[in-house]
Every structure is written in structure tokens, then in C-alpha cells.
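This briefing describes one protein structure for a reader who is new to the subject. Please look at the sequence and the model before reading on.

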Amino acid sequence: MSTNKETTPVNVDAYLGLNKYEVDEGNPHIELAPNPDMAQFMELVRVCPAGLYRVSPDGQQSADFAGCLECGTCRIVAQGGAVAVWRFPAAMMGIEYRYG
């Protein structure tokens with residue numbers, strides 16, 4: 001009996017693209033601390049499933065909350081540190097899952 005199975009890699013970007021986002025531009029639901037600690041920020045870069053936290057080649061930290069999945073991972077990893085405020089978006093704002 002053969003255990004060699006073909007596998008198809010999952011394209012996460014394709015699934016994320018199916019979701020609908022209503023972004024509350026004037027009221028972000030996540031706020032970074034001023035000058036967040038680089039080590040803690042790098043944890044956010046590694047754990048965010050939507051890849052919203054980034055560090056540019058020159059070391060500039062950035063976060064784009066428009067594609068937030070509202071999973072709360074960054075709240076658990078860095079609230080009170082690199083993440084100063086985490087709350088759910090206002091009613092009718094945020095993500096609307098369209099797959100799964």
C-alpha cells in the first residue's frame with residue numbers, strides 16, 4: 001500500500017481575498033504604542049495570520065489594519081507593549097467572512 005499522496009498547497013491569499021472589509025478609517029480598532037519595542041514588534045510580524053505587521057529594509061515598522069481578521073492574536077502577544085489598544089471594530093465595520 002502506497003502512502004505517497006499528491007498534495008495541493010493552500011493559497012491563503014486567495015481565501016483572504018474572498019472576505020469583505022469595511023474599514024473605519026477615522027477610528028482604528030488597533031493602535032500601536034509609540035516607538036514599539038523591535039523584538040515584540042517582530043513577534044507580531046511572525047504571528048499575524050493576515051501579515052499586517054511589517055518592517056521595511058531600513059527598519060521602519062508599519063501596520064495596516066484594513067485587512068485585519070479580528071482574530072486577537074496581536075492582542076494576546078503584545079497588548080500593553082507594542083499594541084497599546086485592541087478592541088473590536090464598531091458595529092457594521094471590520095471583516096465579513098465569505099469563505100469557511
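At 44% relative accessibility, Cys71 counts as partly exposed; buried means under 20% relative accessible area, exposed over 50%, and partly exposed in between, with a 1.4 Å probe and protein chains only. The model is predicted, and local features need pLDDT of at least 70, side-chain atom pairs count only at pLDDT 80 or more, while totals for chains, interfaces and linings use all residues. Residues are numbered from 1 along each chain as its sequence is written, and side-chain values use heavy atoms, with hydrogens and water left out.

**Cysteines**

- A disulfide is a covalent bond between the sulfur atoms of two cysteines.
- A search of the whole structure finds zero disulfides, a disulfide being a pair of cysteine sulfur atoms within 2.5 Å.
- Cys48 is in no disulfide, and its nearest cysteine sulfur, that of Cys71, is 6.3 Å away.
- Seen from Cys71, the closest cysteine sulfur is that of Cys48, and the 6.3 Å between them is too far for a bond.
- Cys48 is buried, with a relative accessible area of 16%.

**Overall fold**

- The protein chain has three helices and six strands; helices (H or I, at least four residues) and strands (E, at least two) are DSSP runs, numbered from the N terminus.
- Along the sequence, these elements follow the pattern α-β-β-α-β-β-α-β-β.
- The protein chain has 100 residues, of which 25% count as buried.
- Among contacts between residues at least 6 apart in sequence, 65% join residues at least 24 apart; contact means heavy atoms within 4.5 Å.
- The protein chain exposes about 7100 Å², and carbon and sulfur atoms supply 52% of this area; accessible areas come from the Shrake-Rupley method with a 1.4 Å probe, and for residues only the protein chains shown count as cover.

**A residue in strand β5**

- Val83 lies in strand β5 (residues 83-86) and counts as buried, at 0% relative accessibility.
- Leaving aside neighbours within four places in sequence, Val83 is in contact with several residues, including Ile30, Leu44, Tyr53 and Cys74.
- The C-alpha atoms of Val83 and Gln40 are separated by 9.3 Å, and these residues are 43 residues apart along the chain.

- On a 1 Å grid over the protein atoms alone, a cavity is a set of points where a 1.4 Å probe fits but cannot get out, and a pocket is an open set with protein on both sides within 12 Å along at least five of seven lines; lining residues have an atom within 4 Å of a point.
- The structure holds one cavity of 30 Å³ or more, and the largest cavity has a volume of about 100 Å³.
- The largest cavity is lined by 14 residues, and Cys48, Pro49, Cys68, Cys71 and Cys74 lie nearest its centre.
- The largest pocket contains about 220 Å³ of space; a volume is the space filled by probe spheres set on the grid points, which are joined across faces, edges and corners.
- The largest pocket has a lining of 19 residues, with Val23, Asp24, His29, Phe65 and Ala66 nearest its centre.

**Positive phi angles**

- Asn35, a residue other than glycine, has a positive phi near 50°.
- Asn35 lies in the loop between β2 (30-32) and α2 (38-47) and is exposed, with a relative accessible area of 76%.
- Glu70 also is not a glycine, yet has a positive phi of about 60°.
- Glu70 lies in the loop between β4 (61-63) and α3 (73-78) and counts as buried, at 18% relative accessibility.
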